[in-house]
Amino acid sequence: MIFSQNAGSGRQREGASLPRRRSPWISSFAMILPSLILLMIFYFYPMMKLLPQSIYEDHAFTLQYFQHIFSEPVYIKTLLRTIWLCLATTAINFILGYPVAYLLSIVKSKTAGAIMTIILLSLWTSLLVRTYSWMVILQRTGVVNSFLLALGIVSEPVQIMYTPAAVLIGMVHILLPYMILPIYSVLRSIDKNLSLAAMSLGASRTKAFLRVTLPLSVPGIASGILLVFIQSLGFYVTPMLLGGAQTLVASGLIDRQIFTFLDWSFGSALGVILLLITVLFLGVFDRFFGMDSLQKRLV
Amino acid sequence: MDAMLVLDGLTKKYQEVVAVKDLSLELHEGEFLTILGPSGSGKTTTLKMVAGLETPTSGMISVNERDITFLPPNERGLGMVFQNYALFPHMRIKDNVAFPLHMKKPRLPEAEIGRMVAEILQLVQLDGYQDRYPSQLSGGQQQRVALARALVFHPPIVLMDEPLGALDKKLRSAMQLEIKRIQQKLNITTIYVTHDQEEALTLSDRIAIMRDGEIAQLDTAKNIYEHPNSSFIADFIGESNFVPVEIAGQEGEELILRIKSEQGSLIRCPRRGAQPKPTDDLKFVIRPEKVAIGRDLGPEAKLRGQVAQVIYLGETVKYIISIDGSYHFSAKEQTMDIRSHFSVGDLIDLTWNSENSQLLS
């Protein structure tokens with residue numbers, strides 16, 4: 001979806017500026033070729049090798065691995081847990097991220113630069129470092145528990161590590177920039193006069209926001225939600241370290257099947273399920289938000 | 001007739017910079033007032049203060065004797081047309097125009113809103129475009145939508161901030177007439193901000209020329225053009241000849257002026273208003289199109305000069321005439337009634353109706 005759009009806009013620009021008439025398809029194809037090759041080698045090829053493993057047993061078609069997934073409550077539970085954790089991560093990120101993006105778009109550029117540096121700093125810090133930091137903070141003898149004990153709110157340390165809450169906290173923190181940045185870039189491009197115009201036409205500040213700024217920022221919200229949700233579905237390091245075996249997610253499950261039990265077929269079947277969830281989400285998303293038409297309208 | 005809008009001692013400071021300084025003016029119902037000035041003269045800031053988008057540092061704004069100085073913009077009920085239209089790109093034309101009606105309290109019935117939208121769209125000649133999005137319209141059409149949106153809720157006053165700035169010249173003059181037609185038809189009190197003097201002259205009942213945050217002159221278009229009160233105005237509106245002079249004497253109602261040059265030719269000029277101080281940096285001012293030229297005009301001649309340059313401008317021919325060998329005077333003649341053709345180097349006489357000349361400092 002994203003690729004086809006890029007190719008489309010590239011084609012238009014090309015057509016407008018080139019004096020010679022050349023097939024627009026060839027030049028736009030040439031432009032996406034490097035990334036296409038990369039994807040073919042490192043993405044499509046392994047996937048094509050993996051997928052058949054989930055439906056073939058000794059060269060015979062079988063659905064036994066999929067049946068296995070849906071016959072074991074533990075697997076279904078893990079998949080459902082993954083989905084709700086991702087939905088919760090996305091929702092919390094939206095609630096936390098939108099105000100930050102909005103603030104960034106209205107403050108002076110100097111202040112915005114400072115806030116942006118903080119956001120990018122967390123993005124540049126290694127994922128592993130950030131996840132370990134959360135372990136330090138959340139463990140039984142960690143900062144949170146020391147604080148709660150010192151204040152006398154609890155009498156003994158609370159178990160936070162290895163609960164869904166720990167995974168959620170970690171995922172929200174790590175994915176927050178992916179929500180803020182696309183929303184900010186769209187908010188910044190909205191003409192400030194629009195909300196002033198709305199106010200001069202009788203809208204209160206809140207109404208001007210709800211009727212003008214918010215709907216115009218939908219493309220940014222949509223990209224943010226997409227980026228965060230899809231990334232969180234495949235999140236591995238953070239849920240493994242903060243959730244462990246008690247709060248297992250789909251990626252952890254696949255990892256265990258392949259590297260612990262060496263069951264490539266079952267692991268592949270789980271991978272296919274995860275892929276299907278992603279595709280389903282994209283489809284539903286495109287239908288409800290109609291991002292393409294929204295973006296066209298904004299041009 | 002009571003004033004509808006009163007600005008009293010309006011001042012706006014940004015830290016140390018004074019954007020608008022002690023500005024006062026009154027606007028009557030149905031009047032079209034243009035605030036004209038170079039960029040940075042404070043005209044947009046003034047308009048924004050009236051709209052409520054900027055808070056004045058001091059001073060007062062009232063509409064129909066109601067103090068609105070610190071009212072938020074949505075409670076002022078004034079219509080505003082923005083420089084780049086500020087149409088809502090995600091709404092259809094009819095929803096853009098209906099926006100202020102939907103914001104009204106108590107709520108208007110949908111049927112009533114539909115009727116008002118249709119009526120105003122017809123007035124701006126855009127019926128049939130209701131269901132389009134702003135991006136599907138041309139610049140001129142978008143401008144009409146912006147106008148319709150600012151007028152649909154019958155505000156007592158409409159504020160326009162360089163509404164035609166983004167249009168090309170042809171379209172701009174067409175839209176000027178359009179704005180004037182609608183303004184007169186609905187008898188809307190209007191404040192119009194522009195830096196285009198031609199636009200100001202075409203549209204306005206009165207023009208306020210701003211300079212450095214202050215009103216330099218506030219008068220009808222004709223008075224401002226014919227009787228500018230300073231050389232800044234004479235220079236800003238139209239073209240003017242400025243000749244540095246000193247007072248050499250007085251004869252009845254006329255001043256005798258001596259051009260500050262070696263020869264020191266004398267010019268007569270009617271005395272108007274207060275006697276200028278002799279120490280002032282005085283200038284004799286006359287517009288080029290008020291100057292007639294000819295060969296041997298006899299007693300009518302007011303100055304003698306030599307043609308230094310002839311510029312053909314299409315509608316007019318402009319002669320640059322050297323006076324006393326040191327100053328350049330320009331005279332314009334309509335190409336239709338050119339009485340004589342002069343070429344560079346010709347010695348000629350200049351004359352004018354002394355009512356059209358002025359002494360300014």
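A residue counts as buried here if 20 or more other C-beta atoms lie within 10 Å of its own, as exposed if 12 or fewer do, and as partly exposed in between, with C-beta atoms placed from the backbone. By that rule, buried residues make up 30% of the 299 residues in chain A, and 39% of the 361 residues in chain B.

Before we go on, please note that this is a predicted model, in which local features need pLDDT of at least 70, side-chain atom pairs count only at pLDDT 80 or more, and totals for chains, interfaces and linings use all residues. Residues are numbered from 1 along each chain as its sequence is written, while chains are lettered from A and ligands numbered from 1 in the order in which they are written.

Let us begin with secondary structure, where helices (H or I, at least four residues) and strands (E, at least two) are DSSP runs numbered from the N terminus. Chain A has 15 helices and 2 strands; chain B has 8 helices and 20 strands. Contacts, for which two residues need C-beta atoms, placed from the backbone, within 7 Å, can be sorted by sequence separation.

Chain B fills a box of roughly 80 × 45 × 40 Å, taken for its C-alpha atoms along the principal axes. Its domain assignment gives domain 1 (3–232) and domain 2 (239–360), such bounds coming from an automatic or database domain assignment. Over C-alpha atoms, the centres of these two domains of chain B are 40 Å apart.

Now follow an open sheet of chain B, whose 5 strands are antiparallel in the order 13-12-11-14-20; strands pair if DSSP finds at least two bridges between them. Strand 13 (266–270) and strand 20 (358–360) of chain B are at the edges with a single partner strand each, so one side of each has no neighbour in the sheet. Strand 12 (residues 254–259) of chain B is joined to strand 13 by 5 bridges, and Glu254(B) has Pro270(B) of strand 13 as its bridge partner.

Finally, look at where the chains meet: 18 residues of chain A are in contact with 19 residues of chain B. On the chain A side, helix 9 (192–200), helix 10 (205–216) and helix 15 (291–298) each give two or more residues, and helix 9 of chain A gives the most, with 6 residues.
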